[in-house]
Amino acid sequence: MTFWSFTGIGAQDGLEEYLAKKPDAKVKLSEVGSTTETATALTAALAGGEVPDLVMIQNDDLPKFVENPDNFVDLRTLGGDDLGDDYLDWATSFATAENGALIGVPTDVGGLGLAYRADLFEAAGLPTDPAEVAAAWSTWDDFIAMGTAYTEKTGQPFVDNVETTVFFATVNQVEEKYYSDDGELIYDTNPEVEDAFQVAVDAYEAGLSADIAAWSSGWDPGRANGSFAVSIAPSWMLSQIKNAAPDTAGKWRVTSVPGVGGNWGGSVIAIPARAENKAGAWQYIETMMSPEAQAEHFEKTGTFPAAKEALTTEAVLSHTDEFFGDSPIGKVMSESVLQARSSHNGPDTGAIGGGLLNALADMQTGNTAPEDAWETGLKNVEEAIGG
């Protein structure tokens, strides 16, 4: 069986787990590249090239593939009509075509949490226990109020930036996002999106931001030296914090985001319709994507499960990490994805989100005034999608 995956997600570890369960299987694993590079390679293969038997597709890249379900095996025909019921409803919906075909099984999700420096909170006179912090910032208004108290006490920024740590969290909590449930673009008329955007603007105007963009050259040093106290922390980002700031072990905590939970990230695994070894590909899915297997894989790698039964196992709910003190990481992330709302994921979802995030980034660098940021974001989107 040929299997295409992304780089940097420990695909070889998952394969070794599989081969331990199915020692007679033969798998040729290709870690194609980034999620975008893998999607690009798959697009080319589907257009007439040699397709893999099994492929991973990141959620943000799914819409264009869901639009053409005939390119993939409807996995419901292999696992029964109730196959998708094992997984989070919103995660399954991302991979479900209009004709009802399930083109991919969810492999993982990225439950949203917030990571914060307990030592910096303590010095500022703020609560440090994860449950107390979650209660203190149960709404985004509370979050801004806490951030204001922190900056007034310390003279230091509260968050790394407002585009990912605030907007990316708030916009992923809405009931309808950039598309209506019937697939119509509503990003520019949906008050929920504009309200989410405004929370980020309000946080910026309150002086909470260190203006350090995610993945910029200053982000990792900022995590290490205390340039900010709070950062967005989907489950997959926790290892990045550990790697970026090893000397801060024990100083970080993880707790819930304000409002309802949310999600950032996740993938599905799919079988192209022209795959030569569909049976081998399906055996991998059956073996590695069951709730039991996803919980087991989480224990070994920290990849957060998409299977509902896995999210309620003791192994997941009791998960902690000494680096993050006594934080109930598993409980926080499980509650986050169980609360996450499903919204229609369209072909331009990524481009729309990117245009709005760029407007907030420009605001932080002084290139866009806060009062003009929303209109700038809409112009960015129009340029990106040709609207």
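The protein splits into domain 1 (2–109 + 264–318) and domain 2 (113–263 + 322–385), with bounds that come from an automatic or database domain assignment. This is a predicted model, in which local features need pLDDT of at least 70 and side-chain atom pairs count only at pLDDT 80 or more, while totals for chains, interfaces and linings use all residues. Residues are numbered from 1 along each chain as its sequence is written, and side-chain values use heavy atoms, with hydrogens and water left out.

How do the two domains meet? Their C-alpha centres lie 28 Å apart. On the domain 1 side, 14 residues are in contact with 22 residues of domain 2, where contact means heavy atoms within 4.5 Å. The size of an interface is often given as the accessible area lost when the parts come together. Here, the two domains bury about 1800 Å² between them, 66% of it on carbon and sulfur atoms; this area is found with a 1.4 Å probe and summed over both parts. Within domain 1, Trp90, Trp264 and Phe304 lose the most area to domain 2, together 49% of what that side buries.

Now for a helix. Helices are DSSP runs of H or I with at least four residues, strands are runs of E with at least two, and both are numbered from the N terminus. Thr38, Ala39, Leu42, Ala45 and Leu46 of α2 are buried, meaning under 20% relative accessible area, with exposed being over 50% and partly exposed in between (1.4 Å probe, protein chains only). Looking down the axis of α2, these buried residues fall within an arc of 120 degrees, so they line one face of the helix; the arc is taken from the directions from the helix axis to the C-beta atoms. Their cover includes β1 (2–6), β2 (28–33), β3 (54–58) and α3 (62–66).

Tyr18 sits in helix α1 (residues 11–21) and counts as buried because its relative accessibility is 1%. Leaving aside residues up to four places away in sequence, Tyr18 touches Ala25, Val27, Gly280, Gln283, Tyr284, Thr287 and Met288.
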